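Dear colleague,

Please find the structure below, handed over for your use.

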Amino acid sequence: NTIERKISLVNNGRQALTIRSIQSNCQCISTELEKSSIAPGKAQSLTIRFNGEGRKGTQQKFITIYSNDPVNPVQR
């Protein structure tokens, strides 16, 4: 019962974007990031996996991304 999604993290800034940490609110979620640094104008693939084994009903799970972005350093 594992669901996997890939999203793209895009650096629209003029300096390298460094992903400092990615945390989830549940051990049922895991993430995989190719590199922790994204060059200006480039993108990086983030894989998110949710293991729903033994879980029933609607699930409200999320990840939080911490970066060196000067405007939005924390994204949920």
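**Strand pairing and the two sheets**

Gln-23 stands opposite Thr-64 in E6. Strands here are DSSP runs (E, at least two residues), numbered from the N terminus, and two strands pair if DSSP finds at least two bridges between them.

Please note that this is a predicted model, in which local features need pLDDT of at least 70 and side-chain atom pairs count only at pLDDT 80 or more, while totals for chains, interfaces and linings use all residues. Residues are numbered from 1 along each chain as its sequence is written, and side-chain values use heavy atoms, with hydrogens and water left out.

E2 and E6 lie within an open sheet of 4 strands, ordered E4-E2-E6-E7 with antiparallel pairing. Its edge strands, each pairing on one side only, are E4 and strand E7 (74-75). Strand E4 (residues 37-38) is joined to E2 by 2 bridges, and the two run antiparallel. Within this pairing, Leu-17 has Ile-38 of E4 as its bridge partner.

A further open sheet consists of 3 strands in the order E1-E5-E3, again with antiparallel pairing. Strand E1 (2-10) and strand E3 (29-33) are the edge strands here, each pairing on one side only. Neighbouring strands of this sheet are turned by 20° against each other on average, direction ignored; the axes are lines fitted to C-alpha atoms, and angles run from 0 to 180 degrees between N-to-C directions. E3 is connected to strand E5 (residues 43-51) through 5 bridges, and Ile-29 stands opposite Phe-50 in E5.

**Core**

The largest nonpolar core has 12 residues in all, among them Leu-17, Cys-28, Ile-29, Ile-38, Phe-50 and Ile-63. Such a core is a set of buried Ala, Val, Leu, Ile, Met, Phe, Trp, Tyr and Cys residues joined through side-chain atoms within 4.5 Å. E5 provides the largest share, 3 residues. Cys-28 touches Arg-49, Phe-50, Asn-51, Arg-55 and Lys-61, leaving aside residues up to four places away in sequence; contact means heavy atoms within 4.5 Å.

**Two residues compared**

Which of the accessibility classes applies to Thr-47, buried or exposed? Thr-47, in strand E5, counts as buried because its relative accessibility is 7%. Buried means under 20% relative accessible area, exposed over 50%, and partly exposed in between (1.4 Å probe, protein chains only). Beyond four places in sequence, Thr-47 touches Glu-4, Arg-5, Lys-6, Ser-30, Thr-31 and Glu-32.

Pro-40 is placed in the loop between E4 and E5 and counts as partly exposed, because its relative accessibility is 39%. Its C-alpha atom is separated by 6.2 Å from that of Asn-12, 28 residues apart along the chain. The contacts of Pro-40, not counting residues up to four places away in sequence, are Asn-11, Gly-13, Arg-14, Gln-15 and Ala-16.

The largest pocket has a volume of about 480 Å³. Of its 22 lining residues, the closest to the centre are Val-10, Leu-17, Ser-67, Asp-69 and Asn-72. On a 1 Å grid over the protein atoms alone, a pocket is an open set of points where a 1.4 Å probe fits, with protein on both sides within 12 Å along at least five of seven lines; lining residues have an atom within 4 Å of a point. The volume is the space filled by probe spheres set on the points, which are joined across faces, edges and corners.

Yours sincerely
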